[in-house]
Amino acid sequence: MKQFLFLFFCLFSFALHAQSLKGYIADEKGKPLNDALIRNLMSKTHAHSDNKGTFILENTSLNDSLEISKQGFITLKIKAEKLDSFSAVLIEKAFLLEEVKISNNLKYLNTISKIDLEIQPVSNSQDLLRKVPGLFIGQHAGGGKAEQIFLRGFDCDHGTDINITVDGMPVNMVSHAHGQGYSDLHFVIPETVDNIDFDKGAYFADKGDFTTAGYVSFNTKNALQNSSISFEGGQFDTFRTVAMFNLLNKENQSAYFAGEYMMTNGYFDAPQNFSRINLFGKYSAKMENGDRLAVSVSHFKSQWDASGQIPDRAVNDGTISHYGAIDSNEGGNTDRTNFNLQYEAKIDENTHIKSTAYLSRYDFELYSNFTFFLNDLLNGDQIKQKENRSIIGFQSEYDQKINEKWRFKLGAGLRNDNNKDVELSHTLNRKTVLEYLSLGNVNQTNLFSYASLDFRSRKWLINSGLRLDYFKFGYEDQLAVAYSNQTQTKAIVSPKLNFLYTQDDKLQYFLKLGKGFHSNDTRVVVAQKGEKILPETYGADLGINWKPFPRMIINSAIWYLYLAQEFVYVGDEAVVEPSGKTERKGFDFGIRYQLASWLFWNTDYTYTHARAIDEPKGNDYLPLSPKNTLMSGLSVKDLKGFSGSLRTRFLGDRPANEDNSVVAKGYCITDFSVNYQIRKVSIGVNIDNIFNTKWKETQFLTESRLAYEIDPVEEIHFTAGTPFNARLILKYAW
């Protein structure tokens with residue numbers, strides 16, 4: 001009986017003194033730090049901070065010794081002097097890859113993007129997407145048009161097979177005048193980007209439309225470390241300036257403004273007359289009850305002329321140069337204004353609700369001429385694509401940590417696109433409309449809901465998810481004699497299942513399985529009477545994340561992706577074309593290695609075998625599907641004030657048609673940058689294509705006719721890539 005009473009007394013004393021420690025981790029600027037490791041050196045328990053910087057550490061008593069660590073920060077040892085309102089500040093230090101540990105996190109690839117952003121900060125809008133390993137882009141309209149995107153054997157056009165968001169707001173444009181999923185990311189000032197969340201495949205329940213090859217989610221900074229102004233000037237009459245001002249920087253509130261202006265004539269024979277202005281403001285606050293609010297407003301406007309895609313034969317016979325133009329009247333203008341609201345409500349220590357609401361106003365006008373005089377020998381084949389769009393939407397996610405093993409998420413949202421006067425017309429000199437080929441109003445709504453459940457047990461993480469999307473498509477044809485407003489509805493269910501086995505902090509295995517989809521253009525939907533208009537994809541990834549040495553990280557995967565029958569609306573011709581069933585399989589490999597405290601090396605390689613399923617062998621190639629891609633580079637960070645990089649990207653030869661009888665030639669380009677910091681002033685040089693390689697950035701197999709030709713010719717048409725291009729950058733920060 002005495003032994004029982006003694007044991008009871010010990011347990012009672014332990015329960016009385018060992019409680020839960022509730023705390024908050026932040027950096028020197030007051031920004032919350034997620035994924036910080038908090039260890040109790042007495043009880044041996046541990047916890048991680050969430051994306052709000054908060055944590056709960058079990059079995060902790062007053063004055064227990066704690067150790068708090070996070071990659072890129074000095075490890076802190078401190079005593080638990082409070083149990084209900086503990087807080088700690090971590091001080092940033094030099095980046096060391098050996099401190100990066102492989103954690104039991106489904107989105108571990110985010111660690112790769114954090115490393116790349118740490119050692120290679122973005123310097124222009126194009127660099128944003130290039131942070132995704134294996135993703136290639138190509139510009140073919142004077143810098144103002146959205147880039148063509150290549151990923152995992154997909155020619156994603158301008159975004160058809162990749163989901164892109166900024167602060168939870170969609171970038172992809174449904175039923176766009178130029179192409180489905182059109183994603184113009186130029187409204188983002190690269191210096192405002194805080195982190196990049198990305199993954200490949202359709203394995204996450206919170207990612208919906210266009211998530212076939214993968215997704216990219218950009219998040220802007222809630223606060224600036226300092227104010228700054230920079231000036232950049234270089235060849236081809238290029239000038240860029242960026243100003244970023246701290247307006248408010250308190251412990252629980254922050255606000256800043258950023259502005260960008262850029263102009264250039266470009267490296268083409270015909271001046272591009274490109275100009276772009278970006279304005280961005282953001283306010284963030286932390287409430288007394290732990291809730292968080294972020295409000296941002298942005299405006300973007302761009303205009304340009306373009307040399308377009310030129311035929312090989314005109315260059316080969318000397319009619320024009322490699323940087324020439326057949327129709328120098330191409331070009332366009334576009335603008336976008338965004339309002340974005342994000343609110344995170346803290347229900348209790350284990351439950352949060354994150355909501356995003358947005359409103360966008362978007363205008364677009366593009367002039368192109370792909371076939372020159374094929375259809376109209378007198379006036380030429382110039383076309384105009386135009387639209388005026390309003391987007392409104394919201395999404396809320398309920399996130400509850402049930403216990404140490406189970407976590408549940410439930411989300412729902414809506415997006416509506418009201419697109420007026422979506423136009424395709426035959427024009428002359430950008431002024432005269434010769435013929436309307438298509439003109440109408442699009443109204444498209446996407447309602448969605450999803451749920452996911454995480455189960456953790458020792459080294460295992462099992463994630464299951466289910467997503468439901470419902471679409472209503474509406475199209476009013478303004479060219480019809482009588483009023484015609486056609487509507488269709490469609491729904492799709494997308495299950496997900498993912499397995500992670502983390503052997504230790506050096507080795508992790510994963511298997512990801514999921515179904516995804518991308519919506520088709522509303523004009524396709526009504527033309528097909530709602531049949532086969534939400535083509536689904538089925539994918540699988542099997543791979544590892546591995547740290548064979550303290551300063552080396554390797555990530556690799558073999559993968560497979562099946563895409564069902566779909567119908568594609570060709571915005572340049574106002575016709576509907578079937579593309580058939582396809583399959584892609586391949587191998588991804590990435591390595592990051594810190595050779596010294598200031599020297600980093602990274603390489604990403606992707607191999608893809610892409611084929612059409614229903615076509616006979618030899619005639620089943622997918623035009624412009626990349627087979628081999630490689631990106632590699634060396635980066636210097638903070639070497640006695642110097643930083644810089646030497647980076648090479650390689651895109652192999654690709655089939656330009658279904659039987660591979662015409663090949664789009666690959667390229668290998670090397671860029672260089674160097675920067676020197678002197679107190680508050682930095683001076684740098686960026687050089688594109690240091691070896692002055694003559695290359696083709698985008699290529700298409702097109703049938704066209706020149707003014708002096710009797711018969712049309714089908715051959716490669718291309719847009720030239722940048723030659724040697726040097727720019728000087730000056731920056732002052734305070």
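These are my notebook entries on a few places I looked up in this predicted model.

**Ground rules.** Residues are numbered from 1 along each chain as its sequence is written, and side-chain values use heavy atoms, with hydrogens and water left out. Since I'm working from a prediction, local features need pLDDT of at least 70 and side-chain atom pairs count only at pLDDT 80 or more, while totals for chains, interfaces and linings use all residues.

**Entry 1: a sheet.** I went looking for strands (DSSP runs of E, at least two residues, numbered from the N terminus). I found an open, antiparallel sheet of three strands, ordered S8-S9-S10. Its edges are S8 (136–138) and S10 (154–155), each pairing on one side only. Strands pair if DSSP finds at least two bridges between them; S9 (residues 148–151) and S10 have two bridges, in the antiparallel sense. Which residue in S10 is the bridge partner of Phe150? I noted down Asp155.

**Entry 2: Glu251.** I next checked a loop, the one between strand S16 (238–249) and strand S17 (253–264), where Glu251 lies. Is Glu251 buried or exposed? My cut-offs for relative accessible area are under 20% for buried, over 50% for exposed and partly exposed in between (1.4 Å probe, protein chains only). Glu251 comes out at 69%, so I call it exposed. I also looked at Gly208: 43 residues separate it from Glu251 in sequence, and their C-alpha atoms are 36 Å apart.

**Entry 3: aromatic rings.** A ring pair is described by the distance of the centres and the angle of the planes. Rings of Phe, Tyr and Trp (its six-membered ring) pair if their centres lie within 6.5 Å; planes under 30 degrees apart count as stacked, over 60 as edge-to-face and the rest as tilted. I get 19 aromatic pairs by this rule. Why does the pair Tyr267 and Phe268 count as stacked? Because their planes are at 25°, with the centres 4.5 Å apart. Tyr267 is buried at 17% relative accessibility, and Phe268 is buried at 13%. Phe587 and Phe589 are stacked too, at 6.5 Å centre to centre and 20° between the planes. Phe587 is partly exposed at 32%, and so is Phe589 at 29%. Back at Tyr267 and Phe268, I see ring pairs linking them with Phe236 and Tyr323 into a cluster.

**Entry 4: charges over rings.** Here NZ of Lys or CZ of Arg must be within 6 Å of the ring centre and within 35 degrees of the ring normal. Lys286 lies over the face of Tyr24, 3.6 Å from the ring centre. I also found the charged end of Lys512 over the ring of Phe510, 5.0 Å from its centre.

Technical notes:
Helices (H or I, at least four residues) and strands (E, at least two) are DSSP runs, numbered from the N terminus.
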